[in-house]
Amino acid sequence: MQLPAPLLDAVRDRVMTGLADLVDDDALAQEIGRRVVAYLRNTSETTVSLEEDGTTFVITGDIPAMWLRDSAAQLTPLLRLVVGGVGADEDRAVLTSLLSGLLRRHWQYLEIDPYANAFNREPSSSHWDEDETEFDNPWAWERKFELDSLSYGPDLAWRLWTATGDTSWADGRFLTAARAILATVATEQHHKERSAYSFRRSGVPAQDTLERDGRGSLTAPNGLVWAGFRPSDDACELGYNIPGNHFLALALERLAVLLEEVAGAPAEAAEARRLSTEIREALAEHGLIEGPDGERIWAYEIDGRGGHRFLDDANVPSLLALPYLGCVDASDPTYLATRAAVLSSANPYYYAGLFLEGVGSPHTPEDHVWPIAKAVEGLTSPDRALKVRLLEQMIRTDGGTGMMHEGVHVDEPTRFTREWFSWSNSMFCELALDLAGVSRELPVPQGAAQA
């Protein structure tokens with residue numbers, strides 16, 4: 001799919017105008033503007049397909065499948081353009097239709113299988129045909145249960161609705177998908193007692209399968225929602241992922257607004273609010289641990305049985321990304337203490353070298369920092385000089401390819417994983433647009449409820 005040329009021209013002009021007083025180096029400002037346009041064009045022309053049924057299918061880049069998480073994140077820069085009034089009305093209408101089509105695709109997939117994380121364009125077979133799981137789903141590329149798969153759709157729908165008033169995404173499948181989300185959340189608050197979900201993959205590292213015959217590590221119910229896998233697609237060490245539960249609680253709160261105001265489903269809205277409240281209360285009671293300097297910080301995972309794990313992973317939802325997602329305020333003392341720990345040696349996946357420093361992931365080799373995490377570091381800081389420095393650093397460490405990657409070696413940027421990773425490109429765009437004043441903050445239509 002091609003974005004309208006006048007829209008891309010407007011994007012370049014808006015970025016350059018926004019950066020004029022912030023970036024002293026004109027060549028750097030020009031390069032940032034050029035890359036935003038190039039990355040938006042690359043995402044639309046190489047990853048986005050407009051389907052005959054009016055939905056939008058988005059591959060992740062070098063993998064020909066659609067992740068629920070990635071697809072929403074890949075198109076979020078387009079939402080910024082809508083919110084920021086960039087381009088002509090008719091061009092922004094194209095973007096709104098594209099986003100609505102993506103949401104309708106999300107509802108279709110969630111209706112089919114709320115436990116799968118990635119889907120095929122058509123029902124064929126799992127990419128991992130040997131996976132052992134309780135439901136054989138030909139639509140699923142793989143069936144790793146991750147909380148963000150349930151969260152990104154409702155969150156994007158709420159953001160699109162509050163920005164535009166558009167409800168074309170609320171087709172007949174929306175309410176069915178919402179009910180599937182609610183049922184899955186309630187079930188996975190009691191994973192051992194109520195859930196049939198299991199996942200086993202043979203002949204792979206431990207992070208690609210679940211222990212205990214596919215049931216995952218032992219947990220005790222405490223109000224949080226169990227997940228088999230992290231946003232990195234790696235198995236949870238402990239069953240309750242804290243940033244994932246934060247984002248899920250927010251998504252459920254926003255889903256409740258949509259169910260009430262758009263779908264006219266008060267009973268389902270009340271259930272979404274109940275679940276959101278339970279999760280938030282459990283986070284406050286169980287999710288905090290003692291930090292490296294004795295202050296209270298968020299854990300990354302807990303098990304409800306006294307076990308906890310502190311780390312942060314570049315993949316979003318992450319602890320670093322909580323303000324970016326809207327889960328906490330960037331000035332919140334607990335967040336600031338957590339952020340300081342994440343961006344230090346207290347985080348086993350924080351790396352520093354000759355060219356880069358930042359958050360990596362156990363999903364990629366040691367000493368690899370993710371550009372996604374660098375973008376999130378900037379998006380969660382009010383420091384404009386830091387944002388400029390991070391964008392310049394991301395450009396300098398692209399390995400000469402002109403594209404963002406998954407992980408980049410801190411001492412040798414020509415060593416990287418995934419030459420083509422669309423989500424990473426989109427996060428560069430988000431940071432650049434944010435710096436240029438194209439805000440993610442969305443106006444609420446008159447009379448609409450605020451989540």
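At 5% relative accessibility, R35 counts as buried (buried means under 20% relative accessible area, exposed over 50%, and partly exposed in between, with a 1.4 Å probe and protein chains only). E31, at 22% relative accessibility, counts as partly exposed. The two residues form a salt bridge in which the closest N and O atoms are 2.7 Å apart; a salt bridge is a side-chain nitrogen of Lys or Arg within 4 Å of a carboxyl oxygen of Asp or Glu. Both E31 and R35 lie in helix α2 (residues 26–46), four residues apart, about one turn of the helix. Helices (H or I, at least four residues) and strands (E, at least two) are DSSP runs, numbered from the N terminus.

This is a predicted model, in which local features need pLDDT of at least 70 and side-chain atom pairs count only at pLDDT 80 or more, while totals for chains, interfaces and linings use all residues. Residues are numbered from 1 along each chain as its sequence is written, and side-chain values use heavy atoms, with hydrogens and water left out.

## Further salt bridges

The whole structure contains 39 salt bridges. One of them joins the side chains of E301 and R230 at 2.7 Å, N to O. E301 lies in strand β11 (residues 301–302) and R230 in the loop between α8 (211–214) and β8 (240–241), so the pair ties together parts that are 71 residues apart in sequence. E301 is buried, with a relative accessible area of 0%, and R230 is buried at 3%.

Another salt bridge links D70 and R69 at 2.9 Å, N to O. D70 counts as buried at 4% relative accessibility, and R69 is likewise buried, with a relative accessible area of 3%. R69 and D70 also belong to a salt-bridge network with E146, D148 and D233.

## Packing of α3 and α5

The axes of helix α3 (residues 68–83) and helix α5 (residues 148–164) come within 10 Å and cross at roughly 15°. That makes α3 roughly parallel to α5, given that angles under 35 degrees count as roughly parallel, over 145 as roughly antiparallel, 65 to 115 as roughly perpendicular and the rest as oblique. Axes are lines fitted to C-alpha atoms, for helices over the stretch in contact, and angles run from 0 to 180 degrees between N-to-C directions. The crossing is left-handed, meaning that the near helix is turned anticlockwise from the far one by less than a right angle.

In α3, the residues L68, R69, A72, L79, V82 and V83 meet D148, S149, Y152, L156, R159, L160, A163 and T164 in α5; contact means heavy atoms within 4.5 Å. By class, this contact has nine nonpolar, two polar and three charged residues (Ala, Val, Leu, Ile, Met, Phe, Trp, Tyr, Cys and Pro count as nonpolar, Asp, Glu, Lys and Arg as charged, and the others, Gly among them, as polar).

V86 lies in the loop between α3 and α4 (89–112) and is buried, with a relative accessible area of 2%. Not counting residues up to four places away in sequence, V86 touches L7, A10, V11, R14, L81, R92 and V438.

Helix α13 (residues 371–379) is mostly covered, with nine of its nine residues buried. Among them are the charged residues K374 and E377.
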